[in-house]
Amino acid sequence: MKIKVIVTLKNGVLDPQGKAIQQTLNGMNFGNVEDVRQGKYFEIEVKEKDEKKAKSLVDDMCKKLLANLVIEDYKIV
Amino acid sequence: MRSSVIIFPGSNCDRDMDVALKKFGFKNQMVWHNDQSIPKSDLIVLPGGFSYGDYLRCGSIASKSKIIKSVIDFANSGGLVLGICNGFQILTETGLLTGILQQNKFLNFICSNVFVKVKDKQNKYFKDLKKDVLKLHIAHNEGNYFCSDDELKSLEDNNQIAVTYCGEDGTENETTNPNGAIKNIAGIFNNNKNVLGMMPHPERMIDKYLSGEDGSLFFKNILDNFK
C-alpha cells in the first residue's frame, strides 16, 4: 500500500528557498503571492494491507529518518 | 595518540584529515562506513564532504550507516569524536549534538577563510590553546546553525558553544557571520565536551606556505592535552 508523506519546515523556521521562490514569483507579476514554504513529498510503498498499521510504520519512519523534528513537521496524507 | 577517520561515500576531506593527523604524530587509520567496528582509537574523526550526496538532509543518511553505532557507543563512553563540516552535520543527525545545520542564509556556497573565536577552553580540544582567535577555512552550503531557544540557553549555560565566527580582532556581529548561524555559532560540544562538531576545517590550515597554521595549533593542542 502506498503512503504519502509531506515534510515541511516548522512555522517560524527561516525558509530561504521559499523566500527566493516567492520573490521570483512576485517578479513574474504574481504580485499576490505573500509567502512560499518549500517542502518534501514522499511516496512510500509499504508491504502491508492494513492501512492503520502501514501509517503507523510510516509515522515511525518520519520520526527516525524522513523528518528532522528540530526544524521540520510531517504530515501523513 | 591513535585516531580513526571514517570514510562515507561522498566524503572528500578524509585524505586531507589523514595527512594533517599524521603530520602531527597521530597514528591514524581510515575506516570504511560499512565496517562493523572501529579499531582501538583515542579520537574518531568524521570528515567533511558530501556523504551520500547530501540526499534527504545533509548527514542524515550517514547518521544511520553501519559504523555509526560504534561511533555513538565510543562517544557515550567518553571518547573524543570530532566532526568537521559534513561531519558536524552527521553528528547533529545522530543526536550526539544538538540542533541542525540549515542552508546558508543567502543561499550561497561559501568558500573562504574566516576567523573564529574559541569560546571555551575547559575541554580536551582547546585547553591551554595559545590563541583566542583562529584563522580557519570554511567551505559549505549548509552551515547555518539552528536550534530551539531552550536548546540555545542550555548550550550557553553549559558553555557548550565551542567556536563562533568573528572578525580578526574577535568582534562577533552580523557582519562577521558568514551564513546566518544563530549567535555566530561555528561549532559546539556535547554536554561532556568530548564530542566537538564545527564547520571550519582545521586540516586546511596546517602549512604556512599554503594557507596558514592555526589548524596546526588545533591538532598539536589535542595531542598535548592527551599526554
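Predicted model: local features only at pLDDT ≥ 70, side-chain atom pairs only at ≥ 80, totals over all residues.
Begin by selecting the strands of chain B. Nine of them form an open sheet, in the order 2-1-3-4-11-10-9-6-7, with mixed pairing. Colour strand 2 (27-32) and strand 7 of chain B separately: these are the edge strands, each pairing on one side only. From one strand to the next, the twist averages 25°.

**Inside the sheet.** Next, select strand 10 (residues 185-189) and strand 11 (residues 195-198) of chain B, which run antiparallel and are joined by three bridges. Centre on B:Ile188; its bridge partner in strand 11 of chain B is B:Gly197. Then bring helix 5 of chain B into view: this helix packs on the sheet, where it touches strand 3 and strand 7 of chain B, and its direction makes about 105° with that of strand 7 of chain B.

**Helix 5.** Select residues 214-226 of chain B. At 1.5 Å a residue, these 13 residues should span 18 Å, and the end C-alpha atoms are 19 Å apart, which agrees. Which residues of this helix are buried? They are B:Asp214, B:Gly215, B:Phe218, B:Phe219, B:Asn221 and B:Ile222. Looking down the axis of helix 5 of chain B, one finds the buried residues within an arc of 155°, so they line one face of the helix. Their packing partners in chain B are helix 1 (14-23), strand 3 (43-46) and strand 7 (133-140).

**The contact between chains.** Finally, display both chains. The contact takes seven residues from chain A and 11 residues from chain B. The chain B side that touches chain A comprises four nonpolar, four polar and three charged residues.

Technical notes. Residues numbered from 1 in each chain as written. Chains lettered and ligands numbered in written order. Helix = DSSP H or I, 4+ residues; strand = E, 2+ residues; numbered from the N terminus. Expected span 1.5 Å × (residues − 1). Buried ≥ 20, exposed ≤ 12 C-beta atoms within 10 Å, placed from the backbone. Arc of directions from axis to C-beta. Contact = placed C-beta atoms within 7 Å. Nonpolar A, V, L, I, M, F, W, Y, C, P; charged D, E, K, R; others polar. Pairing = 2+ DSSP bridges. Axes fitted to C-alpha atoms, helices over the stretch in contact; angles between N-to-C directions.
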